[in-house]
Amino acid sequence: MQRLIEFTTDAESVQEIEAAVTSAFSALGEVCPEGVKLAYWKVPETRRFVAVIELEDAQHNPLLEIDAAAALPRVIGERVEGGYPVPQAVELIGSYGFEL
C-alpha cells in the first residue's frame, strides 16, 4: 500500500530537511533494500514537502535498518510543528508514464 507524507516546515529548516533526504537516498542507493519504494518532492519556492512510501510488508520497514534513512523521520519530526506527520494511505486512480 502506498502512503502519502506531506508537511510544511519553517524557512530555517528547509535546508536541514533537504540534507537529511539527500543523505537518506544516498544510503539507500548504497544498500538497495528490497521491499520498499520511496520518493520525496519539494514544492518549488515553498517550504512544503511531499513523499510517497510503499512497503511490501507493513510489519517490516527496511528503512529503519539504515541509519541515514531511519534518521529522516526524526529530523522531520523535530522541524515540523506537531511532529512527524502521520502517513496517509492513498489509492492510485490514474497514471500515465509513471511507474508508481
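Strands S2 and S3 pair in the antiparallel sense, with seven bridges between them. Two strands count as paired if DSSP finds at least two bridges between them; strands (E, at least two residues) and helices (H or I, at least four) are DSSP runs numbered from the N terminus. This is a predicted model, in which local features need pLDDT of at least 70 and side-chain atom pairs count only at pLDDT 80 or more, while totals for chains, interfaces and linings use all residues. Residues are numbered from 1 along each chain as its sequence is written, and side-chain values use heavy atoms, with hydrogens and water left out.

Put together, the four strands make an open sheet in the order S2-S3-S1-S4, with antiparallel pairing. S2 and S4 are at the edges and have a single partner strand each, so one side of each is left without a neighbour in the sheet. From one strand to the next the twist averages 25°.

Next come the helices. The axes of H1 (residues 14-31) and H2 come within 8 Å and cross at roughly 165°, which means that H1 is roughly antiparallel to H2. Axes are lines fitted to C-alpha atoms, for helices over the stretch in contact, and angles run from 0 to 180 degrees between N-to-C directions; over 145 degrees counts as roughly antiparallel. The crossing of H1 with H2 is left-handed (the near helix is turned anticlockwise from the far one by less than a right angle).

What is the volume of the largest pocket? About 340 Å³ of space lies in it. A pocket is an open set of points on a 1 Å grid over the protein atoms alone, where a 1.4 Å probe fits, with protein on both sides within 12 Å along at least five of seven lines; lining residues have an atom within 4 Å of a point. Of the 17 lining residues, those closest to the centre of this pocket are Ile5, Ile53, Leu55, Asn61 and Pro87. S1, S2 (36-42), S3 and H2 (67-79) are the elements that give two or more residues to the lining.

Conventions. Grid points are joined across faces, edges and corners, and a volume is the space filled by probe spheres set on the points. Angles under 35 degrees count as roughly parallel, over 145 as roughly antiparallel, 65 to 115 as roughly perpendicular and the rest as oblique.
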